[in-house]
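Here are my notes for someone opening this model for the first time. Please keep the view beside you as you read.

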Amino acid sequence: VVPRDMAQDLSHFLLSTRTDSRKVQDIRRNPKLSLNWQDQRGRQGWVTVKGEAVLQSGANPHDRVEIVVHSRRIECVSYTEGVMA
C-alpha cells in the first residue's frame, strides 16, 4: 500500500483500501500497526513507523475506506547515508 498523503513532520499518513480487505478487519481488532519502507540503494536501510490507525469512510463508503495512521514512533536506518535514528 502506498500512502496517498503524509504530514511533512511524519506525524500522520493517509492510506486507502477496500472496505472488505484483511487490513480493515485487522485494524478493527487492533488499531496498533507499523508501516515499513526499505531502501534498496547501496548498503540499504529502512524506515519503520509505529502508530495507531483510525478508519474513516471515504467518498464512497461501500467500496473504499481511508486509514489514517498517527505516528507514535519512527525508526530509521540507512547504511548508505550513515543514519541511525
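1. Let me begin with Arg18, which is partly exposed at a relative accessible area of 45% (buried is under 20%, exposed over 50%, partly exposed in between, with a 1.4 Å probe and protein chains only). Its side chain meets that of Asp20 in a salt bridge, at 3.1 Å from N to O (a side-chain nitrogen of Lys or Arg within 4 Å of a carboxyl oxygen of Asp or Glu). Asp20 counts as exposed, with a relative accessibility of 54%.

2. A word on how to read this. The model is predicted, with local features needing pLDDT of at least 70, side-chain atom pairs counted only at pLDDT 80 or more, and totals for chains, interfaces and linings using all residues. Residues are numbered from 1 along each chain as its sequence is written, and side-chain values use heavy atoms, leaving out hydrogens and water.

3. How confident is the prediction? The chain has a mean pLDDT of 91, and 95% of its residues reach 70 or more (pLDDT is the predictor's confidence in each residue, from 0 to 100). Confidence is highest in helix 1 (residues 22-29), at 96, and lowest in strand 6, at a mean of 89. Helices (H or I, at least four residues) and strands (E, at least two) are DSSP runs numbered from the N terminus.

4. Back to the charged side chains: the count comes to eight salt bridges. Side chains of opposite charge can pair when their charged atoms come close. One of these bridges joins Arg29 and Asp26 at 2.5 Å, N to O. The two are separated by about one helical turn, because they sit three residues apart in helix 1. Arg29 is exposed at 62% relative accessibility, whereas Asp26 is partly exposed at 31%. Do look for Arg22 as well: Arg22, Asp26 and Arg29 are linked in a network of salt bridges.

5. Another salt bridge brings together the side chains of Arg73 and Glu75, at 3.0 Å from N to O. Here Arg73 is exposed, with 51% relative accessibility, and Glu75 is partly exposed, with 22%.

6. Which residues make up the largest nonpolar core? There are eight: Phe13, Leu15, Ile27, Leu35, Val49, Ala53, Ile67 and Val69 (such a core is a set of buried Ala, Val, Leu, Ile, Met, Phe, Trp, Tyr and Cys residues joined through side-chain atoms within 4.5 Å). Strand 2, strand 4 and strand 5 each supply at least two residues of this core.

7. How many aromatic pairs does a search of the whole structure find? The search finds two (rings of Phe, Tyr and Trp, the last by its six-membered ring, pair if their centres lie within 6.5 Å; planes under 30 degrees apart are stacked, over 60 edge-to-face and the rest tilted). Phe13 belongs to strand 2 (residues 12-18) and Trp37 to strand 3 (residues 32-39), so the pair ties together parts 24 residues apart in sequence. Phe13 is buried at 2% relative accessible area, while Trp37 is partly exposed at 31%.

8. The rings of Trp46 and Tyr79 form an edge-to-face pair, because their planes stand at 65°, with centres 6.2 Å apart. This pair links distant parts of the chain, 33 residues apart: Trp46 is in strand 4 (residues 45-57), and Tyr79 is in the loop between strand 5 (64-78) and strand 6 (83-84). Trp46 is partly exposed at a relative accessible area of 33%; Tyr79 is also partly exposed, with 33% relative accessibility.

9. Setting aside neighbours within four places in sequence, Trp37 is in contact with Pro3, Phe13, Gly45, Trp46, Val47 and Val49. Trp37 and Val2 lie 35 residues apart in sequence, yet 10.0 Å apart in space, C-alpha to C-alpha.

10. Finally, trace strand 3 into strand 4. These strands run antiparallel, joined by eight bridges (two strands pair if DSSP finds at least two bridges between them). Gln38 has Trp46 in strand 4 as its bridge partner. The two strands form a hairpin with five residues between them, and in the turn Gly42 has a positive phi of about 45°.

Technical notes: Contact = heavy atoms within 4.5 Å.
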